[in-house]
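Good morning. Please have a look at the structure first.

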Amino acid sequence: MQETPISVKIALLGNTGVGKTCIIQRYTSNNFQTGIMSTSGASYSSKIVHLDDTILQIDLWDTAGQEKYRSIGRNFYRDAYIIILVYDITRKDSLEGLKEIWYPDVQKFGEKYNILAVVGNKNDLYEKEAVSEDEARAFAISIKAEFDTVSAKNGDNIDNLFWTLIKKYCEPIFQSKVSKSVIQKGKTEKINKSKNKARNKKKCC
Ligand code: GTP
C-alpha cells in the first residue's frame, strides 16, 4: 500500500487577467467566482487524485501575471515539473506575452519541467476571439508544447487538460515502477532457482 502520495508540481504562467486563478479554482473546487483579486506574488493550492491505484498530490502554483511580481514568480515555477502557459483567446497581447516574456523566462528559470503546455482560456467567449487557434497551436508546436483551449467559466476541457498532462508526466514513473517490479520478479525467480538447485543437490548427495 502506497503511504506517501507522489507529488506532481504544476505552475501556471501568463499575463495578468488571462484566468490562471480561475482555471485552478475550477480544477480544484469546480467553481467559478467573478471579481476575484489579482494574484500578488504567487498562491498555492493542491488536490489529491488517484491514477489507477497510485495516489498523486497535485501541487498547483498560481503565479501573478503583473510585471512587478515577475521575479517573485520565478521562485515558484523553478521546481515545477509541468508548466502551463496561459493566454486569453480574446486578447492578442496575451499570446505575445507568452512568446516574448513567459516562455523565455521559463527557458531561463524553469529547472525541472519536462512537460509544457500552451492553453487558450475563455473559450466561452468564442465570438470575441482575437487570437487565431492556428497561430497559438503553431507556437505550441514550435516550443514542443501540448496545446488546448479551455473555459474556466463553464469548465470546458479543464479536467481533461490536467488529466492529459498529469498522465503524460506520470508515464515514465509508472514504466520504471513496472520494469523495477519485473526485475525484482526476475531476481526472485533466480533466487528460487538456485535454492531449488541447492535443495536438489542436498537430496542427491
Ligand atoms: P493575475 O492574478 O493578475 O495574474 O490574473 P489571472 O490570470 O489569475 O486571472 P483571473 O483568474 O484573476 O481572471 C481574470 C478575469 O478573467 C476575471 O474577471 C475572471 O472572472 C475572468 N475569467 C477567467 N476565466 C474566464 C473564462 O474562462 N471565461 C470568461 N468569460 N472569463 C474568465
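In which sense, left-handed or right-handed, does α2 cross α3? The crossing of α2 past α3 is right-handed. A crossing is called right-handed if the near helix is turned clockwise from the far one by less than a right angle, and left-handed if anticlockwise.

Before going on, a note on the source. This is a predicted model, where local features need pLDDT of at least 70 and side-chain atom pairs count only at pLDDT 80 or more, while totals for chains, interfaces and linings use all residues. Residues are numbered from 1 along each chain as its sequence is written, and side-chain values use heavy atoms, with hydrogens and water left out.

Now the helix pair. Two packed helices are described by the angle between their axes and the distance between the axes. Helix α2 covers residues 70-77 and helix α3 residues 92-109; their axes come within 11 Å and cross at roughly 50°. That makes α2 oblique to α3. Oblique is what remains once angles under 35 degrees count as roughly parallel, over 145 as roughly antiparallel and 65 to 115 as roughly perpendicular. Axes here are lines fitted to C-alpha atoms, for helices over the stretch in contact, and angles run from 0 to 180 degrees between N-to-C directions. Helices are DSSP runs of H or I with at least four residues, numbered from the N terminus.

Which residues meet? From α2 there are Arg70, Arg74 and Tyr77, and from α3 Ile101, Trp102, Asp105, Val106 and Phe109. Contact means heavy atoms within 4.5 Å.

On to salt bridges, of which the structure holds 11. A salt bridge is a side-chain nitrogen of Lys or Arg within 4 Å of a carboxyl oxygen of Asp or Glu.

Asp105 forms one with Arg70, with the closest N and O atoms 3.3 Å apart. This pair links distant parts of the chain, as Asp105 is in helix α3 and Arg70 in helix α2, 35 residues apart. Are these two buried or exposed? Both Asp105 and Arg70 are buried. Buried means under 20% relative accessible area, exposed over 50%, and partly exposed in between, using a 1.4 Å probe and protein chains only.

Arg70 also pairs with Glu67, at 3.4 Å between the closest N and O atoms. Glu67 is exposed, at 56% relative accessible area, whereas Arg70 has 19%. Through shared partners, salt bridges join Glu67, Arg70, Arg74 and Asp105 into one network.

How values were computed: Helix = DSSP H or I, 4+ residues; strand = E, 2+ residues; numbered from the N terminus.
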